[in-house]
Amino acid sequence: MAMLEISNLNKSFGGLQAMTDVSFNVNEGEIISVIGPNGAGKTTLFNLITGVYTPDSGDVRFQGQSLVGKKPSQIVDMGIARTFQNLRLFTNLSIMDNILIPQHHKLKSNWLQAILRTPAYKKEEEEMRKFALEKLSFFGPRLMSFRLYQPVLVLSYANRRRSEIARAMATGAKLLLLDEPSAGMNPKETIEMTKIIKRMRDEGGYTILLVEHKMNLVGEISDRVVVLDYGKKLAEGDYKDVVNNPEVIEAYLGKKATDDDKAKKDGGLE
Amino acid sequence: MQDTKHIVQPNRNRNILLTIFATVLVAVALLILTSLGSVKLGSALALFAIWGIATVSLNLVNGTLGILSLGHHGFMLIGGYTTALLILSDDKREKILASGRSSMTPFTVGLSIDNFFNAIGLTAFTTDETLWLRFLVAILLGGLMASVVGLIVGIPSLRLRGDYLAIVTFGFGEIIRLTASTRIFSPITNGALGFSGVPTEFGKSVWWTFAFLGITIYVISKLKYSSFGRAMEGIREDEIASEAMGVNLAYHKVLGFVVSSFFAGIAGGLWVSWLGGARLDSFLFTLTFFFLVALSVGGTGSITGVLLGTALVVFVRQYGDPLEQSYLITTWILAIGVILLLTALAIYIFRTIRRSRPKIIPAFYLFLIAGVATVVLALLAPSLGIMQGEFRGFGMRAIFLSILLIIIMVFRPDGMVGRAEFNWAWVFRERLDQPTEEERKQDAWLSNPELNRPGGAANTSDVEED
Ligand SMILES: Nc1ncnc2c1ncn2[C@@H]1O[C@H](COP(=O)(O)OP(=O)(O)OP(=O)(O)O)[C@@H](O)[C@H]1O
Ligand SMILES: [Mg+2]
């Protein structure tokens, strides 16, 4: 049984069919990339999985349980967390608070114990802070020490992306959905991010489903690639096969380009 | 890396000791003020504490949860009326029964802590000396009643967002007051007559009121700095993101709302005691308006700021009567002229401090010329024989507060202290968000152009996007 099973997912917004019969699986320990031109429905797919939108038809199953009709917070409880393409950090709060809030749903103490600061609550609070530091350490010293107490609004764009990923990890989820984790990063930072995502899988034990436009990152880390176009699944499989698929090249570059041999020689989308 | 400073609050024991010391200091200051000061001062201090309870609890919803609630006066009414009904003395109850205008029944008139203690055999607690205990029970029940209503109101309405929710809370505040006067509820609330003769020794006592204020600040700040409070602040910052991070929105909103209503009920109980009676027009929307002014002036979200704002509002309310007295019309005009001149001065000072250019803007000349003209007019008017007579400044206090609010909103939109909070680390200038010498070197490594491309981590080139 696959960790995440997406079957025949459909979603329309008024007249716009944003998702048509999309099915694929994610196995535990895999890194799967979803690619496709702008407006292909990649973010919509994430929103459907995480309960922001409910699908018109079709099913999403996580470890055998259906996610359809569940609230986003319940889906996090089950073990799926996401990042947002347009960054939705808690901007006026410190990084530490940003990484502590996602751990709140795991808290066993109730609100009275929290107000009274019972030993059990204090212990949990301490553990949450340790866990936060552990997750932030994936990004080296960049988000550590004094930065922990700075509000997010003073952070650089790249550091905000990193914080978002750390925040998703802090939920305790096993499956992470990363929406363009390297957007707005320079080539050097992108390479660093590629390595970090690999380490998240290898050392952190996370299964990762990601959306990316940067093909070098996708090619480097993906076990499989799923291509979406106009809400339909165009192709799925190995990165090399997918990028050389004429249909995929057509979706990205338009009809004319497929006739152009040059496009193929240059290695498709790269 | 596993530095304990990030896991355990540094200097925790010192801070606890300092807090205890400061509390004792406040108590001593109150002792001195109440024994030396006038009755008026004592009553103003008590009012500050009572309204402080109301604003600090309102701030939990408006500042921490980020929900604009406009119905605080309704919850205060429930706490106030419950307290008044349960604590009223026997002769007052007899008077109500004997009065032909009251619609209270013998059963509802008999609802008192006195009768309850008698019924369960605790007659020792029904003496005059133990009134304080009965008041304590009554006010806690008042708080509980308010929080139950908060729960009932909160569960359906907190699903709404933004403006809609604000309108609903405003509506509920008014509905509570209006239903209290209807025929269905007047056997309990005594309708438009209300209750008079509520003992004033608690609401007017700085000890009682400040003790409750202390408890309120303790509980609400502990809640704010707990995991639950962080979740609430997350909701304030971004609802969608908090939900995507596993925060149960409905639960935390209702929790904040119920805790806030509880303390509103307590404030209501002390408020009727301060007033010496419970009447429907002691719980008008103006009450919530004053609280909102205190929040905005002090700094929504900050307990420290909210208390500063409350002090200001209470000061204007209690000591603002000179503003509402009768003066010569020319005196009023002179005052306006002086205010205009002071505004011109303030503009000049602010632009100098902030080093804004140009230093002198047209508005400065405008205020200066208008101010001078008004002052000249006021001084010449008597000899010209115009604008004679007196004018009584009814409602001048509210106008003064509004002007104050406008000034604060222009110069400090986040209120006097913003979201900052008083704490000992701030007093000792221990700033965790500033790098130490060692960390500065590390940072130099991070931003070193040799090791990192120019611009470093701050480089946000989107070139290869799309
Ligand atoms: N809430 C919504 N209401 C209406 N239309 C929507 C909504 N959300 C998405 N869409 C539409 O669905 C389509 C897919 O959008 P989506 O954001 O999923 O694209 P994407 O693949 O993530 O694109 P990008 O690469 O630009 O992020 C777009 O045409 C978009 O306008
Ligand atoms: Mg997208």
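**Note on the predicted model**

1. Strand β3 (residues 31–35) of chain A is largely enclosed by the rest of the structure, because five of its five residues are buried. Buried means under 20% relative accessible area, exposed over 50%, and partly exposed in between (1.4 Å probe, protein chains only). Strands here are DSSP runs of E with at least two residues, helices are runs of H or I with at least four, and both are numbered from the N terminus.

2. This is a predicted model, in which local features need pLDDT of at least 70 and side-chain atom pairs count only at pLDDT 80 or more, whereas totals for chains, interfaces and linings use all residues. Residues are numbered from 1 along each chain as its sequence is written, chains are lettered from A and ligands numbered from 1 in the order in which they are written, and side-chain values use heavy atoms, with hydrogens and water left out.

3. Both faces of β3(A) are covered. Ile31(A), Ser33(A) and Ile35(A) are buried on one side, and Ile32(A) and Val34(A) on the other.

4. Which strands does β3(A) pair with? Four bridges join β3(A) to the parallel strand β8 (residues 207–211) of chain A, where Leu209(A) stands opposite Ile32(A). Strand β9 (residues 224–229) of chain A also pairs with β3(A) in the parallel sense, over four bridges, and there Val227(A) stands opposite Ile35(A). Pairing requires that DSSP find at least two bridges between two strands.

5. The shell around ligand 1 divides into five nonpolar, seven polar and two charged residues. For this count, Ala, Val, Leu, Ile, Met, Phe, Trp, Tyr, Cys and Pro are nonpolar, Asp, Glu, Lys and Arg are charged, and the others, Gly among them, are polar. Helix α1(A) supplies the largest share of the shell, three residues.

6. Oxygen atoms of ligand 1 lie 2.6 Å from a side-chain N or O atom of Thr44(A), 2.8 Å from one of Lys42(A), and 3.2 Å from a backbone N or O atom of Ala40(A). The protein buries 64% of the 630 Å² that ligand 1 exposes when taken alone; accessible areas come from the Shrake-Rupley method with a 1.4 Å probe.

Technical notes. Polar contact = N/O pair within 3.5 Å; in protein donor to acceptor, adjacent residues only side chain to side chain.
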